[in-house]
Amino acid sequence: YMKYIMRQDDVITISRAILYGTIALSLIWVNPSIGTVVLASTWMERAYSNFGRLTEFQRRLNEGLESLKELVDIMLLPPTIKQAEDPLWPECSQGIVEFKDVSFVFPETEQPAICKISLSVEPHTTTAFVGFSGSGKTTLMALLQREYDPCQGQVLIDGIDLRTLDYKRYRREMLGVVSQDVQLFNTTIAENIRLTKPEATDEEVLNAAQRAYAHDFIMETKLGYDTMIGEDGARLSGGQRQRLAIARALIRQPKILIMDEATSALDAVSQQKIQMSIDDLIAKRECTIFIIAHRFSTIMSADRVAVLEDGSLVEIGTHAELARKNGLYSRLRDMELRGLLD
């Protein structure tokens, strides 16, 4: 379609040149008055200006149609993750997680992203995952969120295979996620916190903000919890946006909480505030916590640290136990101290 628009541009350019040539010849042969020449030139310029606008409109319309076509194609794709026909739900949700011989390969690739990982996590404990970029930490947590189903093995929640668990209820009631890419909306602070639990009361919003150490900076804004934060939280700093994301996850009171590099790319002051929130969550043992981190200061209080390499679980233990070994964990920690890990 674009080639036809380009041809229109060529036609307009050529016809414009012909008309200007005609006016030039008329000055020699017909000798029209100056007013006639000015009037003809003005009308011609106005006409071609509108032709140009029409061509630009056609170009923009074509771009919009292509984008709309891609959007429709995406919406028509059948989902790979579906609700089970007869979904199950535990009688008493505790947040027990178990990975049983889990392997996963991304479509159109051959190298396994996760390779035969088996790991049992007790409720109300904290497990941290460390490893080089691409070692499988985020992919393993994506399996726990059921963004994908494992190619082999099982992910069990309170003893129930995640593929047979009530998916909608699991994502809505049991799971909370704080990622490094925070999505905020151009509405009030309170509404952004309440996003995962629209029926939450003002008291619940306040409690979640206090637990995320966000209440103080919220009250320093002009309208407090009614302050508009702009598109994607444009009026907030990175640390403030991250604390709102933690408050949003906590207001749901999840049984399982995933924190995917929540302190990445933050300054020391913001990291300290968020670390205080993480330490409080670990100490209170209200939910099962999974932490993905490159900064070892964020995982010092974790009950266990799992070290991944090339999609495999190579080490697991407490921080003290792994620090005494001359393994991958010690190497990673040494690289961080020397500023080489990033």
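Me: Which elements each supply at least two residues of the lining of the largest pocket?
Reply: Rolling a probe the size of a water molecule over the atoms shows where empty space is left. In this predicted model, local features need pLDDT of at least 70 and side-chain atom pairs pLDDT 80 or more, while totals for chains, interfaces and linings use all residues. Residues are numbered from 1 along each chain as its sequence is written, and side-chain values use heavy atoms, without hydrogens and water. The two elements are β6 (175-178) and α8 (238-250), helices (H or I, at least four residues) and strands (E, at least two) being DSSP runs numbered from the N terminus. With four residues, β6 gives the most to this lining.

Me: How many residues line the largest pocket, and which lie nearest its centre?
Reply: A pocket is an open set of points on a 1 Å grid over the protein atoms alone where a 1.4 Å probe fits, with protein on both sides within 12 Å along at least five of seven lines, and lining residues have an atom within 4 Å of a point. Here 15 residues form the lining, and G176, V177, V178, T196 and R248 lie nearest the centre.

Me: What is the order of the strands in the open sheet?
Reply: Strands pair if DSSP finds at least two bridges between them. The six strands follow the order β6-β7-β8-β3-β9-β10, with mixed pairing, and β6 and β10 (312-317) are the edge strands, each pairing on one side only. Inside the sheet, β3 (residues 126-130) and β9 (residues 304-309) run parallel and are joined by four bridges, with T127 standing opposite R304 in β9.
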